[in-house]
Structure formats: structure tokens, C-alpha cells
Amino acid sequence: MKIKNIVYYQILFFCIITSLHANKKQSYLTYLNDIRQKSGLIKFQFNTELSKAATAHAKYLVRHQQNGHYEQKGKSGYTGRVPSDRVLRAGYASKAVMENLSVNARTSKHSIETLFAAIYHRFVFLDFTKDEIGIGKSMGKKRKKISSSFVYELGSSTINSLCKKTFPKESGFFYMQNLCKNSSKIIPQTLFLKKEKEIQKRNTPMVLYPYPDALNIPPVFYTEHPHPLPGSLVSGYPVSVQFNPAFYKKVKLKKFRLFKQNGKEIKRKKILTYFNDRHHRFKKLEFAFMPLKRLEYGMTYRVEFEAIADGKKIKKNWKFTTKKPQGKLYRITKKKSIIPIKNGEKIILYFVPKNRKDVLKNVTLSSGLFVRYVDLNTLEILLPQKKLAKTYHLKVSGREIILKQ
């Protein structure tokens, strides 16, 4: 008997900062599964034990004003140092889990959208080996540093079922250990790989994201930890391609290009792969086009991708369209701008980033205006129904906006 002592829980040491009842959790899941199915992946099944673990960690993060995958023993609400500890305590049999989380999202949809904009987090939600999920949410006081947390625990039903069985020891076979709650339990390696592949084969051979003809895709990516584009505070929405290991073994990238709807190519970019990802999060069959400038609102983009996969040429061409905020949109590029307004009107001010660190700071404004962040470069302004002044003033990061009737 040959035993491999493998610590198999998969902790994703990155988290994201953005500025339940069963039926609500199901609505979160419906939205996430809609994205997965349109990408060619199977739906996640809701798992109560994973949900229990996710909810406990979400509450822990808000209670202790923390962001991350670790908990400290002795603190109130502690249920385990790492995700695998927490799911086992909740009754899940397997340590083979992945955890995604975000803090300070306004809604579950906002949380999921933000995680998909972050390439490392996106690959978690689009994983080929996971087929069940638990979702947890906790809301705190708005003025706190951590006002909300959303936690997602992903597991594999087939691997979980293996941890509920007992396997006799036989000579000449490789076994895997430390996969289950009982760390000494052994599972035949060939059976583990077979069960993992069962889930993989139910998915599409390739995942393109944004998926073909996707609408309302955010145009921007800000940050995650660790950061795939160190030093950048604002960049464009990543485009990614994943090859399913159940169908492909070796892939060599030949071409990855992005074009605006007028045919102009996006030249400022970084192509991330297994070989140049400084944080070593990419797998050999994962590729991402990272635009170094944020994309435009309400524009259709075209992607060209070409690779040699197991000796065969693979070519993919598809389009997706970015979202456009509701309201009249103004692109702010000058130091001083004058904008005509009407009572009760809603306008969108998009401050085009001057560089990769240009995000909105120090917003001051006249009284009577209702202002909401759309993102860290965009403000939504709601004008009062009654005329309170002839002009309103905003000062945003050294730029002045005069709203004039």
C-alpha cells in the first residue's frame, strides 16, 4: 500500500474589497448559475452544510471587521482557522473545498459581479471540478470599515461522498490521505481522479468569459488580493479562456486580441498565463487578456483567440457588450466642465482615468444633490425636483463640474 499524505483543502488566499434566508440564498444561486450555464458549465447545487460554514465566516468577518480566509482561535464566532476546518465543523465530509468572498458589496449581485471582474476569483466560480455551493451573508453598520460580507464555499459532491465510505487497504495501490474529516482515512487515488473527472466531463471543453454575446458586462476592474496587475488601481475588465482538463492536456497560446466595435485594437494589455503569473494562481490551461485601461461604457468588443491544443489549432471569435448606466452619460476629461441640467434629471458623470491610479477621491458638492457611486470613476447625480439654485458645483479629485440650468 502506498499512501500519499495530501493536504487537499484549497484555500484561495485572495479576497476582494468593493466600495439569509434560504429563499434569498437561492436567488443568489440562480444569478450565479445563470452565468455558469451561459458559460457552458453545470449548475451548482445548494448545500446546507457548506452554507452553514459560509454564513458563520461571513458573520465573523463583520463582527471582527476583518477581510480574508483566516479566523483566529479564541475570538467570538470562531468556527475554524481555514475554510476546510469550517466546512468540516458544519458537517461537510470533505476538505476539498474552495472559498470565494467579498466585503462591502451592496447586494449579492454586486458581490458576484465584483468577484467575476477579479480574474483569480472568477476562476473559482468557473471551476470545472466543483458542483455544489453554500452561500453566506452578513450585513453590519454602513459606517463601519467592513459593512457587509458575502462568502461562498464550493465543494465536489463526488469527493464528499468518497469521504463517507471506507476503503480496504490493498498492496500495489496509491492512496490519498488527509482529504476527509478523519485525516487518517485513505481513498484510492485512481477512484479520486475518476470521481473528479466525472464532474469535469459534465462541463464544456472550453469556457470563454465574458461568454459570447454577453450583455451588461462591467467595463472595469479595480483590485483584488493578491493583485494580478501590481501598482494599478484601475484597469479594464479581463477576458479569459479556460480549457477543461478532462478534454485537453497541453495548450500553447498563439493569439489573444481585443477590438473595439470600430475595429480599433486594444494595444495596451497584459496577457496572463501560467508561465508569467507572478502569484502562481493560473493553471496551465488558463489564459487572460488584461486591458491596462478601463473599457468604455455601452460598447461592443470583439475577441480573437487562437491556440494549439493537443496538436490541433483552436480558433475562437466572439463579442460581448459592456453595460451603460441608466441616465444621461457625460465623459469628464477636462479640469473644468459645464453641464446643462433640468430639474429632477438623473445624470451620470464618468471621470475618464488619466492614469492607472486615477480613482475618485475627495468629492465635495453643493447641497440639494443626491450623489451615488456607480464605481470608483463614475458618479450618479440626481437633481432635485424643484429648482434650488441656478448652478450646482462639484469638486472631484482636482476637477470642477458646474451643473447649470
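Visitor: Where does Pro226 lie?

Guide: Pro226 is in the loop between β11 (220-221) and β12 (235-236). Helices (H or I, at least four residues) and strands (E, at least two) are DSSP runs, numbered from the N terminus. The peptide bond from His225 to Pro226 is cis, with omega near -5°. A cis peptide bond also joins Tyr209 and Pro210, where omega is about 0°. Pro210 belongs to the loop between β9 (206-209) and β10.

Visitor: On what basis are such values given?

Guide: This is a predicted model, in which local features need pLDDT of at least 70 and side-chain atom pairs count only at pLDDT 80 or more, while totals for chains, interfaces and linings use all residues. Residues are numbered from 1 along each chain as its sequence is written, and side-chain values use heavy atoms, with hydrogens and water left out.

Visitor: Which value of phi does Asp310 have?

Guide: Phi of Asp310 is near 50°, a positive value in a residue other than glycine. Asp310 sits in the loop between β17 (300-309) and β18. With a relative accessible area of 39%, Asp310 is partly exposed; buried means under 20% relative accessible area, exposed over 50%, and partly exposed in between (1.4 Å probe, protein chains only). For Ser397, phi is likewise near 50° and positive in a residue other than glycine. Ser397 is found in the loop between β25 (391-396) and β26 (399-404), and its relative accessibility of 22% makes it partly exposed.

Visitor: Is Ser147 buried or exposed?

Guide: Ser147 counts as buried, at 16% relative accessibility, although its place is in the loop between β5 (132-139) and β6 (148-155). Leaving aside neighbours within four places in sequence, Ser147 is in contact (heavy atoms within 4.5 Å) with residues including Asn104, Ser138 and Lys141.

Visitor: What surrounds Phe125?

Guide: Phe125 is in helix α5 (residues 119-125) and is buried, at 0% relative accessibility. Beyond its neighbours within four places in sequence, its contacts include Leu32, Phe44, Ile112, Phe116 and Tyr152. Phe125 and Glu99 are 26 residues apart in sequence and 9.4 Å apart in space, C-alpha to C-alpha.

Visitor: How are the strands of a sheet read?

Guide: Strands of a sheet pair through backbone hydrogen bonds, either parallel or antiparallel. Here, four strands form an open sheet with mixed pairing, in the order β10-β18-β17-β14; two strands pair if DSSP finds at least two bridges between them. At the edges stand β10 (214-217) and β14 (251-259), each with a single partner strand, so one side of each is left without a neighbour in the sheet.

Visitor: How many bridges join β10 to β18?

Guide: Two bridges join β10 to β18 (residues 312-322), and these strands run parallel. The bridge partner of Ile217 in β18 is Thr322.
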